[in-house]
Amino acid sequence: MDSAQEHSRAVRIRISLLCGALALFALLYVPQPVLPQLADEFAVSAGTVALLVSASTLGLAAAAVPLGTLSDVIGRRNVMVTSLLVAEALALLLPLVSNFPLMVALRLVQGAAVAGVSTVALAYLGEEARGPQFGTTMGLYIAGNTIGGMSGRLLGGILGDFLGWKGGILSVALLAGVCTAVFVALLPKERHHRPKPAQVGPLLAGLRASAGDRMLRGPYLVALLGSASFVAVYNALTFRLIAPPLNVPPAWAALAFLAYAAGTVTSALAGRAADRWGRAPITLLGVGVTVVGLWLTMSAQLWVILLGLVLFTGGFFGAHAVASGWVGAEAPASARGQASAVYQFCYYAGNGIGGIFGGLAYGVWGWTGMVAILTVWLVGSALAVWRVRTRQQKAEPLAVG
């Protein structure tokens, strides 16, 4: 294949995965901006209606490892395309559902479906986009995550005010449908993946090897503890903004989600920086910026809080972009799908940890107490990355010799 064809293929991979990520995260959180309307529709409490969001992340975490393993057997593209089409079909079905338990069940299945993209994309990129521009490509994929998460919330929330919750969900589903169509049309078939036989023993061995790989513990803990901190902050943020002494109107407080735009920028920049200066230093820089932003949110001044939120969001997504690419590139070739699945499991398990324990910490100790706990989590992830980097530096002279 000549250089022009290689370039064209690389562009197709970037555009398709960007659109796939946008669809994935728009669908994953599709009911979030209209939860108050759904609570009224089904006559349930705010805590109960939140199951429509947590069910999808629970489904994703549960399906990450099985679908990542399945992609080793039947191919990466097959799993990703099928998964996103199923998730999109369920999104179009949601506005027609009039039973709350059924909607929760559908959201659980939808979360499991999108796991086929979020998990397998890392392995696909690790095999098909390797080279000097790998970090840039991975950064664009993570940028799609932030664009999808932000645009889905804003579009669903704004149109939901005019068209009701059904219109809000349908609008996000249609946006995701366009992105899904581009994804399916442009995503190239694998050239470097070699399907493995569906034998339980070798697949489990690959999973154990991925989960126990000491060189991947740093990225795994960035996913687990970083995402836990991120969800904890955004879950409690609105409560803090609307409460005294800030007293921000709820409609304006919702615009804090625009801070996601910082993650769109930093994820792409961090990917390019990792190509130049290495994954460990840029991951550590991202975690450091996250901590600084977190500390700034303890201010009593609204503008300082918002600045801190931008730094916190940008730092987290920068670290996440590099850590996820780290797993895709450095996982054992025989278990790349399982390693990507373990990373995704850590990420969405972190979502659950942050949602539960972060909320409890905020309720008991307030914002300052929660920030103290999250700082410990983030420093723990940075120490894990530092240890991996130290092991790499010790191993490099041996490899050269």
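Author: A disulfide is a pair of cysteine sulfur atoms within 2.5 Å. The structure discussed here is a predicted model, and a search of the whole of it finds 0 disulfides.

Reader: What makes Cys19 and Cys346 buried?

Author: Buried means under 20% relative accessible area. Cys19 has 16% and Cys346 has 15%, so each is called buried.

Reader: How many aromatic pairs does the search find, and why is the pair of Phe230 and Phe312 called stacked?

Author: The search of the whole structure finds 10 aromatic pairs. In the pair of Phe230 and Phe312, the ring centres are 6.0 Å apart and the planes are at 5 degrees. Pairing needs centres within 6.5 Å, and stacking needs planes under 30 degrees apart, so this pair is stacked.

Reader: Which parts of the chain does the pair of Phe230 and Phe312 tie together?

Author: Phe230 belongs to helix H10 (residues 217-242) and Phe312 to helix H14 (residues 302-330), so the parts tied together are 82 residues apart in sequence. Both Phe230 and Phe312 are buried.

Reader: What makes the pair of Tyr347 and Tyr348 edge-to-face?

Author: The ring planes of Tyr347 and Tyr348 are at 70 degrees, with the centres 4.9 Å apart. Planes over 60 degrees apart count as edge-to-face, so the pair takes that name. Tyr347 and Tyr348 are both buried. Ring pairs also link them with Phe230, Tyr234, Phe312, Phe316 and Phe317 into a cluster.

Reader: Which residues touch the most other members of the largest nonpolar core?

Author: They are Leu17, Leu38 and Tyr141, in a core of 107 residues. Helix H15 (residues 336-400) supplies the largest share of this core, 16 residues. Leaving out residues up to four places away in sequence, Leu17 touches Ala121, Tyr124, Leu125, Tyr141, Phe183 and Leu187. Another core, of 5 residues, lies apart from the largest one, and its members include Ala270, Ala273, Ala274 and Ile282.

Reader: How do you know that helix H7 is largely enclosed by the rest of the structure?

Author: Helix H7 (residues 120-128) has 9 of its 9 residues buried, so it is largely enclosed. Among the buried residues in H7 are Ala121, Tyr124 and Leu125, which Leu17 touches. Glu127 and Glu128 in H7 are buried as well.

Terms used. Residues are numbered from 1 along each chain as its sequence is written. This is a predicted model: local features need pLDDT of at least 70, side-chain atom pairs count only at pLDDT 80 or more; totals for chains, interfaces and linings use all residues. Side-chain values use heavy atoms; hydrogens and water are left out. Helices (H or I, at least four residues) and strands (E, at least two) are DSSP runs, numbered from the N terminus. Buried means under 20% relative accessible area, exposed over 50%, partly exposed in between (1.4 Å probe, protein chains only). A nonpolar core is a set of buried Ala, Val, Leu, Ile, Met, Phe, Trp, Tyr and Cys residues joined through side-chain atoms within 4.5 Å. Contact means heavy atoms within 4.5 Å.
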